[in-house]
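Hello,

Here is the structure I promised to pass on. Please open it first, then read my notes below.

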Amino acid sequence: MDELVDMICEELLLRRNYLNPEISVETLYFGGGTPSLLPLEKIQQILDTIYKNYPLNLKEITLEANPDDLQKEKLEGYLRMGINRLSIGIQSFQDPVLSFYNRSHNATESLQAIDRARHSGFEKLSIDLIFGFPHHDHGIWKKDLKIALDQVPDHISSYCLTIEPKTPLGIWSKKGKFHPASEDFQAEQFEMLQEAMENSGYLQYEISNFAKPGAFSIHNSNYWKGIPYLGVGPSAHSFDGADRGHNLANNLQYIKSLAQRNLPYQRDPLTTSDNINEYILTSIRTIWGIDNNYLKKRYQLDFLAEKSSELDLFGQQDVITIKDQHVFLTKKGQLLADYIASKLFV
């Protein structure tokens, strides 16, 4: 672990000119794994490297955490070092479901972690939930939603259970030992999620993200708006405003490369069409929608004119609306977001 953190800091040094040095960094995000497993001094080591080498105007520092890692000492340490937003991987408040997901925490630990985070002084608190767990009815999901809302977090991220081929669930599914929920079942739970969030005063500012007014994730919002970012560490992805790239996924290869002062980074050049399509894919999922004026200014593309026939058809199907040069998904359309985006690609 020490060597990996040292090499993350080395990468931060080698890539300090990746982003425009004239633009200050507004957000930091510790995620993509289990950063809450790191000792406090290792997180501080990473932060110190950033503070000394990057222009900063920090508005938000987020850390993803497992509930069972959030003890009082760690929470107080996070606050001291400037971390002001927690994203807690709850997934479910039902012990049998957590056991099935092979999670190390239980429901009681989840509730205790939320309570400790609040009493430690964290005002920005997000919890992650997974819907779509196969069951004979929606009872499990209704319980999860009620318990989650009873905690009154200012932010909730919720994603559908997905089955990846090489994961244990994927292998079980292939062998017939696990049967995923139907698409209709998943869609019903997503609609229940939307209704519960709206009734409790949350804004759905991205398909999978809900927040109280003023509590949107600044970091994720910037990502969805296409603002450049630097990703550091194994498997991390980066975007400089024109091209994307990714780091080696293997920890040992990542460490070996940086020990020789070689960046473990592969550039993925994007065409103009690639950039436009990525913008369409991400922005249509948000409360801000696809901005035709932005596309005109940035890419000389009149999107509304270019895709008028597709937009007219989707409008008739009540899956999109167009207002003030912006294209938005309706609630019905959010169930078909990826399909709609693919038909709007240039």
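**Aromatic groups**

Tyr 205, Phe 216, Trp 224 and Trp 288 together make up one aromatic cluster. Bear in mind that this is a predicted model. Trp 288 also has a charged neighbour: Lys 225 lies over its face, 4.4 Å from the ring centre.

Phe 131 and Phe 190 form one that is tilted, with 6.1 Å centre to centre and 35° between the planes. This pair links distant parts of the chain: Phe 131 belongs to strand E4 and Phe 190 to helix H8 (residues 183-199), 59 residues apart. Both Phe 131 and Phe 190 are buried.

Tyr 279 and Tyr 294 form another tilted pair, at 4.8 Å centre to centre and 40° between the planes. Tyr 279 is in helix H11 and Tyr 294 in helix H12, 15 residues apart. How does each one count, buried or partly exposed? Tyr 279 counts as buried because its relative accessibility is 10%, under the 20% limit. Tyr 294 is at 25%, so it counts as partly exposed.

**Helix H11**

Seven strands form an open sheet in the order E1-E2-E3-E4-E5-E7-E6, with mixed pairing. Strand E1 (25-30) and strand E6 (203-206) are the edges, each pairing on one side only. Neighbouring strands are turned by 25° against each other on average, direction ignored.

Strand E4 (residues 124-131) and strand E5 (residues 155-160) run parallel and are joined by six bridges. Leu 129 stands opposite Ser 158 in E5. Helix H6 (residues 139-150) packs on the sheet and touches strand E3 (85-91), E4 and E5. The direction of H6 makes about 175° with that of E4.

**A buried lysine**

Lys 42 is in helix H2 (residues 40-53). Why does Lys 42 count as buried? Its relative accessibility is 13%, and the limit is under 20%, so Lys 42 qualifies. Leaving aside neighbours within four places in sequence, Lys 42 is in contact with Asp 2 and Val 5.

Best wishes

Note on methods: Residues numbered from 1 in each chain as written. Predicted model: local features only at pLDDT ≥ 70, side-chain atom pairs only at ≥ 80, totals over all residues. Heavy atoms only, no water. Pairing = 2+ DSSP bridges. Helix = DSSP H or I, 4+ residues; strand = E, 2+ residues; numbered from the N terminus. Axes fitted to C-alpha atoms, helices over the stretch in contact; angles between N-to-C directions. Contact = heavy atoms within 4.5 Å. Buried < 20%, exposed > 50% of the residue type's maximum accessible area, 1.4 Å probe, protein only. Phe/Tyr/Trp six-rings, centres within 6.5 Å; stacked < 30°, edge-to-face > 60°. Lys NZ or Arg CZ within 6 Å of the ring centre and 35° of its normal.
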